[in-house]
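Take a look at it first, and then we can walk through it together.

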Amino acid sequence: MSERIDDKIENYFGGLKPEQLGLKEKINVSSVKKLGQGSSNINYLVVANNKNFIFRMSAHSENKVKLKREYVGLNAIASLKISPKPLFFDDSGKKFENEILVLEYVAGDKIALKNLDNSMIKQLAQI
């Protein structure tokens with residue numbers, strides 16, 4: 001019998017170094033919940049050490065660069081504090097066939113361009 005995806009994600013997190021998630025203690029996952037699936041990603045909410053994380057997995061194994069580009073882009077705008085902080089990217093294929101991106105969880109509504117002032121939009125364009 002194959003391992004359930006929730007269990008696989010929990011085991012994956014358990015094998016990470018706490019520093020990779022900005023934690024100081026051994027990782028203890030209390031829950032994994034599927035948030036939804038878009039056209040190219042599947043998103044899960046992972047609660048570990050009383051903190052929330054987003055586990056994003058590419059929905060298509062043939063598109064091997066999309067999440068990498070997202071990771072690079074999110075790192076480029078991290079200082080603007082308008083997006084979740086990317087914690088790490090994994091395309092090793094050791095645990096999951098598809099690319100993995102782990103992000104900090106940001107509670108609230110989706111960020112829309114209407115929420116950005118002109119200086120933020122100019123900074124985004126320059127980046």
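## The surroundings of R56

Leaving aside its neighbours within four places in sequence, R56 is in contact (heavy atoms within 4.5 Å) with N41, I42, N43, L67, E70, E99, I100, L101 and L103. This is a predicted model, where local features need pLDDT of at least 70 and side-chain atom pairs count only at pLDDT 80 or more, while totals for chains, interfaces and linings use all residues. Residues are numbered from 1 along each chain as its sequence is written, and side-chain values use heavy atoms, with hydrogens and water left out.

R56 belongs to strand 3, residues 51-58; helices (H or I, at least four residues) and strands (E, at least two) are DSSP runs, numbered from the N terminus. Is R56 buried or exposed? It counts as buried because its relative accessibility is 16%, and buried means under 20% relative accessible area, exposed over 50% and partly exposed in between, with a 1.4 Å probe and protein chains only.

Which side chains make polar contacts with that of R56? One is the side chain of N43, at 2.6 Å, and another is the side chain of E70, at 2.2 Å. A polar contact here is a pair of N or O atoms within 3.5 Å; within protein, one must be able to donate a hydrogen and the other to accept it, and residues adjacent in sequence count only if both atoms are side-chain atoms.

## The sheet

Two strands pair if DSSP finds at least two bridges between them. In general, strands of a sheet pair through backbone hydrogen bonds, either parallel or antiparallel.

Five bridges pair strand 3 with strand 5 in the antiparallel sense, and M57 stands opposite I100 of strand 5.

## Strands 4 and 5

Strand 4 and strand 5 run antiparallel and are joined by four bridges. Across this pairing, F88 stands opposite V102 and D90 stands opposite I100. How much of each strand is covered? In strand 4, five of its five residues are buried, and in strand 5, four of its five.

I9, Y12 and F13 are the buried residues of helix 1. They lie on the same side of helix 1, because they cover an arc of only 95° around the axis, taken from the directions from the helix axis to the C-beta atoms. Strand 1, strand 2, strand 3, strand 4 and strand 5 are among what covers these buried residues.

Ring pairs link Y12, F13, Y44, F53, F55, F88 and F96 into a cluster. Rings of Phe, Tyr and Trp (its six-membered ring) pair if their centres lie within 6.5 Å; planes under 30 degrees apart count as stacked, over 60 as edge-to-face and the rest as tilted. By this rule the count is eight aromatic pairs. Y12 and F96 form an edge-to-face pair, because their ring centres are 5.4 Å apart with planes at 75°. This pair ties together parts 84 residues apart in sequence, because Y12 lies in helix 1 (residues 5-14) and F96 in the loop between strand 4 (86-90) and strand 5 (100-104). Y12 is buried at 7% relative accessible area, and F96 is buried at 5%. The rings of F55 and F96 have centres 5.3 Å apart and planes at 55°, so this pair is tilted. F55 sits in strand 3, 41 residues from F96.

## L35 in strand 1

L35 lies in strand 1 and is partly exposed, with a relative accessible area of 45%. Leaving aside its neighbours within four places in sequence, L35 is in contact with N43, Y44, L45 and I54.
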